[in-house]
Amino acid sequence: MLRRDIPKLFREALRDVWGRAGDDVSFEVDSTGPTEVLATLSYDRNAAQARGGVLLSTASQHVLSVSDDLLLQDVELIGKVLRHEAIHVGYPEHDENFEKLASETNTASTERAMRGGDYVVERSENTQTFEEVYRTKNRNDALCFAREKRAGPGVYRLDY
Ligand SMILES: [Zn+2]
């Protein structure tokens, strides 16, 4: 996949996720990408808003950054990543709304899950190094686990 093919695919992803409202979303693709994750979307967080899977308003401009690593992945995974970022136009956080739309549009909230892997809860004593403490196919189970443990010592996070 070439970086110059991404705008067309992201426009399709926006339409897949938001229907015709996706045509109103203005974006540019960054010339360089992130290295830690496959892709990021930045925008004015105050302006993006969706309710019940309906896009109400969006930021005036979004910047999509895709990593060189993403361009090397198969078309299916690239589509999942772009739909994930398209959902972020309306839902900044990986909340229940995000998760619902993600499952309806065949993507997921973590890269591991997009690749067909499990949701993993990690724990840290010092917030520097994290170790896996729980693994599940079900995101809600992972969140419940992390929530229950939060009262105890250590920091818990859902691995991306
Ligand atoms: Zn995300």
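The axes of helix H1 (residues 6-18) and helix H3 (residues 75-87) come within 8 Å of each other and cross at roughly 60°, where axes are lines fitted to C-alpha atoms, for helices over the stretch in contact, and angles run from 0 to 180 degrees between N-to-C directions. The two helices are therefore oblique to each other, a class left for angles that are not under 35 degrees (roughly parallel), over 145 (roughly antiparallel) or 65 to 115 (roughly perpendicular). The contact is formed by Leu-9, Phe-10, Ala-13, Leu-14, Asp-16 and Val-17 of H1 together with Ile-78, Gly-79, Leu-82, Arg-83, Ala-86 and Ile-87 of H3, residues being in contact if their C-beta atoms, placed from the backbone, lie within 7 Å.

The model is predicted, and local features need pLDDT of at least 70, side-chain atom pairs count only at pLDDT 80 or more, and totals for chains, interfaces and linings use all residues. Residues are numbered from 1 along each chain as its sequence is written. Helices (H or I, at least four residues) and strands (E, at least two) are DSSP runs, numbered from the N terminus.

Strand S5 (residues 62-66) has four of its five residues buried, so this strand is largely enclosed by the rest of the structure; a residue is buried if 20 or more other C-beta atoms lie within 10 Å of its own. Strand S1 (residues 27-29) runs parallel to S5 and is joined to S5 by three bridges, with Val-29 opposite Leu-64. Strand S2 (residues 39-42) pairs with S5 in the antiparallel sense over four bridges, and here Thr-40 stands opposite Ser-65; pairing requires that DSSP finds at least two bridges between two strands.

Notes: Two residues are in contact if their C-beta atoms, placed from the backbone, lie within 7 Å. A residue is buried if 20 or more other C-beta atoms lie within 10 Å of its own, exposed if 12 or fewer, and partly exposed in between; C-beta atoms are placed from the backbone.
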